[in-house]
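Subject: Structure handover

Hello,

Here is the structure I promised to pass on. Please open it alongside these notes.

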Amino acid sequence: MTKPNVLFLFSDQHAQKVSGAYGDTCVKTPNIDRLANEGICFDNAYCPSPICVPSRMSTLTARYPYRQQCWTNDDVLRSDLPTWLHVAGAAGYDPVLIGRLHAIGPDQLHGYVHRTIGDHSPNNPGAIRQSMGVLSGANDPNPESLIQSGSGMCAYQAKDKCATDAAVAYLHSTGLDKINAGENFCLTVGFMLPHAPYVVDKEVYNTYANKVPPPSLDSSCLVGDWYKWWRECRNIQDVSESQSDRARTAYWGMVQRMDENIGQIISALKYIGALDNTLIIYASDHGDHLGERGLWWKHTFFEESVKIPLIMRLPHILPSGERRQQVVNLVDLSQTILEVMGADCLPHADGRSFWSVAKNASADWKNETFSEYCTDSVPTWTGGRAVQQRMIRSEQWKLCVFDNEAPLLFNLDNDPKELNNLADNSEYADIVQKLMSQLTHDWQPEVIAECMYKRRIEKDILANWAQECQPEERYIWRFSPSINRLNNET
């Protein structure tokens, strides 16, 4: 196989089900749907952690969070830890990033050799964040996220438009030059959408007004003591119908706008004659509950939060319009891309290349993966509770373990909505024991807690340094707070 170009389209907080490719009949996602129709769609793809930074850093390194000691949104990934971009560069590719990375610390490349647009958030922990204006607090797991929702404009939408324009310009110039020189390009485009705030421009908001269905599962369907506590901690027990409807309407609109951006980039790919010699990958870092079970945002191991969309297209190599039921993870994706490039896989990694599965649904594969959610008590949204939680998905079984609460066991074949916890049923004791052994044989929550405590002391020094010294931040997309607005002042 001739080496292909690589285009990795990586969104933020896209719930798998909210696209036509995954069965939603309300949202308009013709470009994502086209990728699925002309390629393959993974139905059981998971994130390594249902929170941004650890999920993204694990995607880079093919290691689970505990193996790279990067669990929270202010953990710094070691600069000497190789990523798939380092390996791609060593194999002759020129890795370029446009838009979202969400890495914390002085290394804002982690193997990318060129980067434009940057992040809206600071590069360094503790640095002053740009004001979100009237949407302050609405991007975090706070009640404001639902109160300050609806029709308007968010900096995230504007940033994605800049990233899209930059990606199109790159393909029309550098991408075309590489093709003419017989070389390959490797481009990652990082989107902010459809991450909260749940705000989108008036035109597309009105397209979905009164059309987005309400959540299919109410709060009575919520199982798990920790998750019930989490809902109370975030003060979202009494979300009004109008707030829920506004937020969901805006979210569906954000997904459409993101899809339109993807369409522009694919059109540029076609224009330069590279459409059919480019491996196109679309994925997201985690999902969003969107009111299901009375929950919002991510932070849990329910399918709405931990499952992601994953679509791949490469004509003449991958089949068209096929789906894969194998259980895969973002830690596997980077190893897969490297195999397609003809490069070595990352050493000492947890991820496994699923390229053989992508090409052939009957290929041998072990249907097992993990996700973890660990945090100390410092972020305001933790409610002062440090947690070390992990999930295993093995064939049809999902086991979730917590610190002080009882575990959750679901049979996803029989109970895809995760309504019936089987962990305390003696009939399934052997399954719980087997999965618990697999989950904990190399993952020790008390060791992680101690490590996070020590790292917090170090991180506080770095944060204080950034606050006092205000070091230069090179990869920042700057915006005025006034860009954020709500048409329906609430």
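This is a predicted model: local features need pLDDT of at least 70, side-chain atom pairs count only at pLDDT 80 or more; totals for chains, interfaces and linings use all residues.

Residues are numbered from 1 along each chain as its sequence is written, and side-chain values use heavy atoms, with hydrogens and water left out.

Strand β9

Helices (H or I, at least four residues) and strands (E, at least two) are DSSP runs, numbered from the N terminus. Buried means under 20% relative accessible area, exposed over 50%, and partly exposed in between (1.4 Å probe, protein chains only).

Strands pair if DSSP finds at least two bridges between them. β9 pairs with β2 (residues 40–46) in the antiparallel sense, over 5 bridges. I40 has M312 of β9 as its bridge partner. β8 (residues 278–284) also runs antiparallel to β9, joined by 4 bridges. There, A283 is partnered by L310.

R246

R246 sits in helix α9 (residues 241–271). Its relative accessibility is 14%, so R246 counts as buried. The side chain of R246 reaches the backbone oxygen of S149 at 3.0 Å. That is a polar contact: a pair of N or O atoms within 3.5 Å; within protein, one must be able to donate a hydrogen and the other to accept it, and residues adjacent in sequence count only if both atoms are side-chain atoms.

Pockets

Pockets were found on a 1 Å grid over the protein atoms alone, using a 1.4 Å probe: a pocket is an open set of points with protein on both sides within 12 Å along at least five of seven lines, and lining residues have an atom within 4 Å of a point. A volume is the space filled by probe spheres set on the points, which are joined across faces, edges and corners.

The largest pocket holds about 1,000 Å³. Its lining has 42 residues, with N73, D74, R129, D140 and W381 nearest the centre. Helix α14 (residues 445–469) gives the most to that lining, with 6 residues.

The second largest pocket has a volume of about 700 Å³. It is lined by 30 residues, and Q16, K17, Y22, E303 and E304 lie nearest its centre. Elements giving two or more residues to this lining are β2, α9, α10 (303–306) and β10 (322–329).

Aromatic pairs

Rings of Phe, Tyr and Trp (its six-membered ring) pair if their centres lie within 6.5 Å; planes under 30 degrees apart count as stacked, over 60 as edge-to-face and the rest as tilted. The count is 18 aromatic pairs. Y170 and F185 have ring centres 6.5 Å apart and planes at 85 degrees, so this pair is edge-to-face. Y170 lies in helix α6 (residues 155–180) and F185 in the loop between α6 and β6 (186–190), so the pair ties together parts 15 residues apart in sequence.

W226 and W230 are stacked, at 5.7 Å centre to centre and 10 degrees between the planes. Both lie in helix α8 (residues 225–233), 4 residues apart, about one turn of the helix. W226 and W230 belong to a cluster linked by ring pairs, whose members include Y227, F302 and W381.

Best wishes
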